[in-house]
Amino acid sequence: MGWMKAAGQWAGLLALSAGLTLGLDAVALPAAWLIGPMVAAIALGVGGATVRVPNSGFLGAQAIIGCLVAHAVTPAILVTILQNWPLMLGTVGVTVLVSAVVGFVFVRYGSLPGTTAAWGVSPGAAAAMVAMAGQYGADARLVAVMQYLRVVLVVLSASIVTHILMDGRAPLPVTAESVASLDLTGFAATLAVAGIAGWAGHRFRVPSGALLAPMVAGALVQAVGGVTLQLPHALLTVTYAVLGWSIGLRFTREVLGHAFRALPQMLLSTGLMIALCAVSAWMLVTLLPTDPLTAYLATSPGGLDSVVVIALGGGVNLPLVLALQTLRLFVVVLTGPPIARLIARYAVRPADRRTA
């Protein structure tokens, strides 16, 4: 009868997700179709639900988001990077430096074991950070809680800020095709790009390859192949739900119980990270002709797929947001291990030094 129990959990998750999503959408909250399923999944996960989204489903959702970005973004993203690369690289550097300082402080003065805080506050690439943390001796469970707690708080705060800066205006509809106007050739191309490029990006271990590879491949298909990718509303609805469930169901009672004592530190470190990144967004507005909402989403500390979903409905400068977020992703993956090693070497607690 195990399948009946699982079916009941999925039914409850679906019903709660629908109710929350419709309620959030009614108040014009950006990314309501992502946040509703995510909050519902957190509630069920903490409540003891045992169902999980298969890893293939999570990767597939990322691949569709990559196609959605490719459909919406023009070659202006490359021009944006080339024209503003010193400022963009400096902004990303500030974000990484902020995370390193926060990690140093919490390793030295907090109660988190080892270099867990250093990996946990890394501003992006959550899955990669969790995977690498275990290899470098950190507590992967606590790192996972910190990373996905960061993702949830970033999504919620970014949605609220977007709602405020849009002055209550309804979010822009994400570009999608209705079933009646669906071009079957373009839809087939979308599924092919998502399937093949998403698999290749994951198979060859490209950072966030399941999202970035379809994004690049989709842009090439549209620019060179003359085919317009098609993303019907039904496909996007399912994609957002799968993505939200994948994040939310990771918050089980066991995981949170394991991290309960460190939860105040986790919330403080994540909140501090978001606040300091908001300061870098203000600096970006003063140095680059851009609006505050674009700057906030561009400097928001991950995750890439969730922030892109919010940006698509916010009417922002998407090439700038995507350029900064993608650049930050690769910088974080490349600098994560050496920064964690430096913190492990120099952030020795006074008590540990006395007992050494």
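What follows is a chat about a predicted model of one protein chain.

Trainee: How many helices and strands does the protein chain have?

Mentor: There are 16 helices and zero strands. The model is a predicted one, and the chain averages a pLDDT of 80, with 83% of the residues scoring at least 70.

Trainee: Which helices have the lowest and the highest mean pLDDT?

Mentor: Helix α16, residues 350-355, has the lowest at 48, and helix α8, residues 184-203, has the highest at 93.

Trainee: Where does pLDDT stay under 50?

Mentor: Over residues 352-356, and for that stretch the model has two contacts beyond four places in sequence. Where pLDDT is low, the predicted coordinates should not be read in detail.

Trainee: OK, packing. What percentage of the residues is buried?

Mentor: Of the 356 residues in the protein chain, 51% are buried. As for contacts between residues at least 6 apart in sequence, 78% of them join residues at least 24 apart.

Trainee: And the largest nonpolar core, how many residues has it?

Mentor: The count is 102, and the residues with the most contacts inside that core are I65, M266 and L297. Helix α15, residues 318-346, gives the most to this core, contributing 12 residues.

Trainee: Take M266. Which residues is it in contact with, leaving aside neighbours within four places in sequence?

Mentor: M266 is in contact with L112, L142, V145, M146, L149 and A259.

Trainee: What about M38, buried or exposed?

Mentor: M38 is buried, because its relative accessible area is 0% and the cut-off for buried is under 20%. M38 lies in helix α2, residues 32-46.

Trainee: Now S17. Where is that one?

Mentor: S17 is in helix α1, residues 2-26. With a relative accessible area of 5%, S17 is buried too. Beyond four places in sequence, S17 is in contact with G36, P37, A40 and W245.

Trainee: Which residues form the nonpolar patch on the surface?

Mentor: L97, V101, F104, V105, Y109, L342 and Y346 form the patch, and together they have about 710 Å² of accessible area.

Trainee: Pick Y109. Why is it called exposed?

Mentor: Y109 counts as exposed because its relative accessible area is 60%, and the cut-off for exposed is over 50%. Y109 has its place in helix α4.

Trainee: And V101, what is its relative accessible area?

Mentor: The value for V101 is 46%, so V101 is partly exposed. V101 lies in helix α4.

Trainee: How far apart are the C-alpha atoms of V101 and I343?

Mentor: They are separated by 9.0 Å, with V101 and I343 242 residues apart along the chain.

Definitions and conventions
Residues numbered from 1 in each chain as written. Predicted model: local features only at pLDDT ≥ 70, side-chain atom pairs only at ≥ 80, totals over all residues. Heavy atoms only, no water. Core = buried A, V, L, I, M, F, W, Y, C linked by side-chain atoms within 4.5 Å. Buried < 20%, exposed > 50% of the residue type's maximum accessible area, 1.4 Å probe, protein only. Helix = DSSP H or I, 4+ residues; strand = E, 2+ residues; numbered from the N terminus. Contact = heavy atoms within 4.5 Å. Patch = residues over 30% accessible without salt bridge, like charges linked within 9 Å, V, L, I, M, F, W, Y side chains within 5 Å. Areas by Shrake-Rupley, 256 points an atom, 1.4 Å probe, with all protein chains shown as cover. Salt bridge = Lys/Arg side-chain N within 4 Å of Asp/Glu carboxyl O. pLDDT = per-residue confidence, 0-100.
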